[in-house]
Amino acid sequence: AMQILEAGGNAVDAAVAGGLALNVVESTMTGIAGVAPIMVYMAEAREAVTISGLGWWPKAASCEFFNTHHGGTIPLGVLQSVVPGALDAWVTALERFGTMSFADVSAEATRLARDGFVMYPLMAERIEHFSKNTRKWPSNAEIYLPGGEAPQPGDLFVQSDLGRTLQFLADEEGAHSGKGRAAGLDAVRHAFYQGDIAASIIRHQSENGGLMTADDLAGFRVEIE
């Protein structure tokens with residue numbers, strides 16, 4: 001966030017950069033496929049604006065479904081998934097209040113995911129604490145239990161798939177930047193909620209018994225008040 005301020009970005013540009021970095025370095029608690037409720041106070045207008053950053057449930061999810069199939073509970077796994085809200089929240093904040101591109105504000109987060117960061121005690125403790133559940137899902141274990149073991153403080157922790165995802169979003173923005181900043185940001189949103197990343201999300205849901213559909217993703221937008 002400080003680097004973005006020093007580069008001429010405003011407070012919202014910096015906050016989005018910091019939030020995206022947290023999605024990498026605190027990915028056991030946050031994520032671009034998670035939630036990101038945002039409050040922005042515009043000092044000159046003396047106005048507070050909230051961006052919900054919260055996804056909705058898939059249309060197929062219902063009390064009746066969970067009562068019939070799971071005894072009224074929501075089991076661990078993809079059935080707990082709501083539509084990712086964080087990515088649209090970051091993009092919406094940039095659109096409405098920022099000045100920089102997604103590529104600008106995501107560059108450091110991309111580097112931290114691609115090249116890794118030094119594992120610190122709090123995250124290491126969380127990974128170890130949840131390791132039993134993590135092992136149930138090979139794709140999760142591949143990331144958080146490299147070599148089959150929880151990373152230790154001081155280890156280099158790499159999230160290469162996340163790095164590629166962030167870079168892909170920035171590349172999609174770049175491919176549309178000739179049409180203006182707004183078109184570039186919209187291309188980021190489209191890539192995630194309707195393009196290749198959306199297809200990957202739906203494929204994973206389908207293969208693992210999830211309820212989310214392409215329509216659930218494509219129709220999503222954060223709420224603004």
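A salt bridge here is a side-chain nitrogen of Lys or Arg within 4 Å of a carboxyl oxygen of Asp or Glu. Keep that in mind as you click around this predicted model, which holds nine salt bridges. We'll visit a few of them.

**Stop one: Glu-95 and Arg-221.** Select both and show their side chains: they meet in a salt bridge, at 4.0 Å from N to O. Glu-95 sits in helix H4 and Arg-221 in the segment after helix H12 (214-218), so this pair ties together parts that lie 126 residues apart in sequence.

**Stop two: Arg-189 and Asp-88.** Now pick these two, whose side chains form a salt bridge at 2.5 Å, N to O. Here again distant parts of the chain are linked: Arg-189 belongs to helix H10 (residues 181-193) and Asp-88 to helix H4 (residues 86-97), 101 residues apart. Are they buried or exposed? Arg-189 is buried at 5% relative accessibility, and Asp-88 is buried at 0%.

**Stop three: Asp-186.** Asp-186 is partly exposed, with a relative accessible area of 40%.

**Last stop: the whole group.** Select Asp-88, Glu-95, Asp-186, Arg-189 and Arg-221 together. Salt bridges that share partners join these five residues into one network.

Key. Residues are numbered from 1 along each chain as its sequence is written. This is a predicted model: local features need pLDDT of at least 70, side-chain atom pairs count only at pLDDT 80 or more; totals for chains, interfaces and linings use all residues. Side-chain values use heavy atoms; hydrogens and water are left out. Helices (H or I, at least four residues) and strands (E, at least two) are DSSP runs, numbered from the N terminus. Buried means under 20% relative accessible area, exposed over 50%, partly exposed in between (1.4 Å probe, protein chains only).
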